[in-house]
Amino acid sequence: MSAGARGASRSWLAHAALVGAAACVAVPVIWVVLAGFRTQISLLSGAFWFTPVLKNFREVLFSKTSDFLLNYLNSLIVGALSTLICLVAATLAAWSLHRMPWPRWFLHIFLGWALVFHMFPPLALASAWFTIMRSIGLDNTLTAVILAHTVLNLPMALWLMGVFVRDVPVELEEAARLDGATTPVLLRRVVLPLIAPGLAATSILTFVFSWNEFGVALTLTMKQTATVPVAIAKFAQDYEILYTQMAAAAALSILPALVLLIIGQRYIVAGLTQGAVK
Amino acid sequence: MPANGAGRGVTRRQVVAGGGVAAFGLLAPRRPAEAAAKAVPITVVINQSPWFDSFRKVVELYEKDTGNEVELDVNPFAGSLEKQRNSVRAAQGQYDLLVMNSGWFAEMYFGGFLEAISDIDPAFKLDPDIYTLDNTVYFDAAKKTMTPSGKLMSVPIAPLIPLTYYRGDLYKEAGLVKAPETFAELEANAKRLNKPPRRYGIVQRGARGPASVSYDFYPYLYGFGGGVFKNQAAGDYSVTLNNEAGHTALDYYLRLAKEAGHPQTASLEQAEVIQNMVTGKAGHIIVVVSAWSQMDDPDKSLVVDKVEFAVPPHAPGFSPGPGLGHWLGGIARNVPDDRKRAAVEFLRWFQTADAQLAYAKAGGIPVSAATYRDPISQERKFRWMKPLSEALPHAVNIYQFPEASEVISILELGLNQAVAGNLTAVAALNSMAGQIHDVMSKHGYKTGVEPPLR
Amino acid sequence: MEPIAGTAAHAAPFAAGQPALAKRPAAGDFDRGFDERVWRWAALSPALVLLLTLSVLPLINLFITSFFTVTWSGGHSSLAPAGLSNYRALAGDTLFRAGLLNTILFAAFAVGGQMLCGFVLALLCNQVTRGRVLYRTIFILPILVPGIVVGAIWKLLLNFDFGLVNQAIGLIGFDPVNWLGSASTALASVIFVDIWHWTPFCFLLFLAGLQSLPLDVYEAARIDGASAWQELVYVTLPMMLPTIMVTFAFRLVLAFKVFDEVYLLTGGGPGTSTQVVSYTLYQRFFREDQTGYGSAMSIAVIFMTCLLLVAAFSSRRQTGAAR
C-alpha cells in the first residue's frame, strides 16, 4: 500500500541520516583511540598512515610516575556510588515534591534553589568544600569526592526526574492506592517501571559527569585518591601536550565506561520493568 | 636483657660490650648523612613536566642515601596553583615543600605563606655555585623586594629560561658559521633560512594565553634594553614599556614575524612552536630550555641531532634578557616544625654538586654552576648546557610582585592584537602601558608612566 | 482521551488528597494519611540534607565575599569592606564585557544547535526499529570523552599546518583555513566543537522523553488522519515540552559554565573573540586571585542567567497557554 511504501522510504531516509550522523560523531572518537597507538611525531606531522606502537599504553599503565590503575578504581567507586546516591535522593525528592501535597511556594523555592546552585562555578565551590573537608579531616578521601559529585549532579537529576515522575499518570497511582498499596509498594511497582527510561538516561548522564569531572576532583584529592581526569590532565603540561599518551589514557577511559553503560542501560531498564503492576 | 633472671639487671659483660660499642662509635668517622638526625617523612608538591622524571630519580637517590622518606604529590599544571594555594591557606597544610612556578612564587612570598629557610635552620648556607636567578630566592618582607638583603626563602629546583634553538644542519648548508648573537644577526639568518611554506626562518609564539606571547617577547624587550618597569628592586614600578627601547623591540618582533616568520604567528601557542621545530618547519625558535629533550627523541622529532642551542640574542651594548620561567622550592609555614626541618635537610642535600650531577644525568636541568663545569657538559647529548650556563647569569625576573597576572593578561591581549595586525605597535604599547599603570596605581605601588609614543 | 500528562499531573497533587479522605472514612485511610505524612518528608530528606549541608554555606560565603576585597599577608587573610565597588568594576572590565557578548552568542548557537541535532536524532532513533541500541551507543560517545581530551584532540584536528580537517579540505581543493587562529572562524569553531561534544546530552534526554510518551495519543492522531508533520508539531512537541524546557535550562547553564574547551582550544583568543564569561571568571578569580571581585562576577553572572531563564520560561508559558 502507499502508506507502507511511504513508511519504507521514510525508514530508509532515517537510516541514512542516522548513519551519516553516526560517522560525524564516531570518526573523531576513533581517531583519538587510534592516536594512542601512534608515536608523537607521526601524530604531529599529520601523517595518515602509521605503524602502531604500544609504548603509550605501557607508559600510561605501568610507568613509575603513573597511578592510572588506581585512578581508574577511584573513578569507578566515586562514579558508581555518587550516581547511586544522587539518583535515589533525586528520584525520591522529585516524587515527593510533585506528588505530595506541598505548598506551591515550597516547590518553587526548592527547585529554584537547586537550579541557582547549579549555576555556581564549580571551582569556587571546590575551594569552599576543601576548607570544610579539611577541617573535618575528610580531605584526600573518596568520601569527600563522592559527596561533592552527588551534590553537583543533584540539581540536574532532581529536575530531570521531576519531568519523568510527572509523566506518570496520576490515575495509576490512585488506582494502586485504592488497592491498598503503601508508598514503598507504590513506588516500586507502579512508578519505577514507568520512569525507567528516564531513570536510565539520568543515571547515564550523572555517571558520565562524575567520571569526567575535573575541577572538584583535583581540589579534594591527592595522590592516593586522584581520579582519571586528574591523571589525564597531567599529560597537558605547561608547554608540551603529550598527545599520544593522553589519547591512550582517554581510550582506556572511554572503552570500559562505554561497556559499563551498555550493560548498565539494559540492566536498569530491564530490572525496573520487572514486576510492573498494570 | 639477660636470658636468665630478668630482674637481675645488666651483666658486667654487657656493660663492657656496650662501652666498647660506644667507644667505637665515637672514634669512627661519621658519614655526613648519618650525622644529621633522621628526618621525618615530608610531602613535596610538584607538577608533571618533562623534567619531573629526573627530579623523581634524584629524590629516590636521596631516599637511598639518607634513609629519609619523601612523598611526591604530582599534579597537572592546570590546577597546580590552586592546589598549593588551598594547602597554604588551610590551618594545617597538606604539603611541606612547595615547588612553585615563577608565575606564583611572588604571591607565596608576599602572602607570608612560606617560612624562610634561614628561620628554620640558621646554619643553612646556599651553596655559592647555585644560581640565584635574579635574586628570586630572597625576599625582604619589610621592603617587599627580592634582594639579597632579605631572607633566603627558597632553593631553585629548575632554572628554566628560553634559549635560541636553531638548525645546525641548515646553517652548515647555508654557510653560516656561528650562532646568532645580536638581533641583526638573528634577522639576517632567519631570512636566509626562510623558504615558505615549506620552512619558516623563525617561528614565534603570538597566541594569547596565560603567559604565551608575553613570555616569547621578553627576550626581545629586555635584549633591546627595554623593560616593563623602571627598577623593581628599588620598588620603583614606573611603567617603561612604551619607551624607545620598547618601541624598537616590538617593531623588530613584528617585522621578524612578517618577513621571516610563520603567517599564523598570532595563533601559535608554545606547543605549536615546538611542533614546527620537531617537524622540521622552523629554522629558529626561542623557547624554554626544557624542550631540549623533545628535539633528540626519535619518537617525537624528525630533526634528531640537528638542533643546536645558543644564548638568546641581544642588541649591541645590552645584555641578553631571557625571562625566567623557573621553579623554586619553598617550605610552607603551616606544617609542623619537624617536617620543616626535614624539608631543609632535603634542600641541603639537593644543592650539593653530587646530587646536581645525578640530576643532570637523569635528564634534569641542574641549578648548580658546578655541574656546568663538569665534563658532562661537553657531551653531545648535553650541548645545551654551555649556552644555558652563559645565559643564566643574565636571567631576568620580570615580576617581583604578586598581582603580576593582571599585568600579564594586559600584555597578552595587547601583544596578541599587535601581532595579529589589529593594532599598530605604537597603539598597542601605549594602550598596554596605560592599563598597566592603572593596575599598579590601583594596588598602591609607586608608579608613573611615560608620555605616549608618537 | 487522556489529558496531556504534564499539565494534569501538576494539578493532581492538590486534588488527590482530599476527595479520597472525604469519600471513604475507613481504617485504611488513617494509615494512609500517616503513611503520606511520613513519606512526604522521608522521600525529600536525603536531597534536602545534601543540599543544605553542602550548598548553603559556600553560596552564602560567595555572596558575602563579593562585598569585600580579600588580601593575604603573614599567612592570614584580611577582608576589607568594598561595598558595591566590585560590582561597579564589572562594567569597566573589557574582558567581562567581551565575555558576556561571546557567551550569549555561544549559548544561543551552541545550545540551539545541540537541541536541534539532539531532537532530530532522537526522533529518528525512536522511529527505526533495527539497530536502535547500536545508534544510541554511538551517539553517546562524545560525552564520554573527558573535556580536556576533547579540547586537545580538536585542537590537533583543527591545526592549521597538520590538522586532519585542513588536510581533508585540501583534498577537495580548498585552501587551509586557520580555524582557531582567525577571529572570524574561532568562535564558530569553538561552537562546533561544543555541539559535537554535547549533542549526546540532548539526544539522551529527548530519546528518554520520547520513549515515555503515551502511545494512545499517537493512535488517536493517526485515526484522525494526521500527517507525520502534524503529528510532530501538534502532538509530539507539546507533550515533550517539559523535557525540552528542562534540557534547555540545564544546557544553557552548562553553556555559561563552559571552560575546558575554551581553555585548551583558544585560551580566549585570538584577541577576545572566544573570551567567554567563565574564562574571564577563571582569569580574574583564580589566576589573578581577586577573590572579592571574582565572587561579585559569579553573583552577577548567576543573576543574569536567572533573568535569561525566567524570560525564556515565562514566554514559553504564555505561548503554551495560548495553544
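The model is predicted, so local features need pLDDT of at least 70 and side-chain atom pairs count only at pLDDT 80 or more, while totals for chains, interfaces and linings use all residues. Residues are numbered from 1 along each chain as its sequence is written, and chains are lettered from A in the order in which they are written.

**Chain A**

- Chain A contains 12 helices and zero strands, where helices are DSSP runs (H or I) of at least four residues and strands (E) of at least two, numbered from the N terminus.
- The C-alpha atoms of chain A fill a box of roughly 70 × 70 × 30 Å along the principal axes.
- Of the 278 residues in chain A, 54% are buried, meaning that 20 or more other C-beta atoms, placed from the backbone, lie within 10 Å of the residue's own.

**Nonpolar core**

- The largest nonpolar core has 317 residues; such a core is a set of buried Ala, Val, Leu, Ile, Met, Phe, Trp, Tyr and Cys residues joined through C-beta atoms within 7 Å.
- Helix H7 (residues 142-166) of chain A gives the most to this core, with 18 residues.
- Among the residues that Met246(A) touches are Phe235(A), Val149(C) and Ala152(C), a contact being a pair of C-beta atoms, placed from the backbone, within 7 Å.

**A helix pair in chain B**

- The axes of helix H3 (residues 52-66) of chain B and helix H14 (residues 353-361) of chain B come within 8 Å and cross at roughly 140°.
- The contact involves Ser54(B), Val58(B) and Leu61(B) of H3(B), together with Ala355(B), Ala358(B) and Tyr359(B) of H14(B).

Terms used: Buried ≥ 20, exposed ≤ 12 C-beta atoms within 10 Å, placed from the backbone. Contact = placed C-beta atoms within 7 Å. Axes fitted to C-alpha atoms, helices over the stretch in contact; angles between N-to-C directions. Lists of a residue's contacts leave out its neighbours within four places in sequence.
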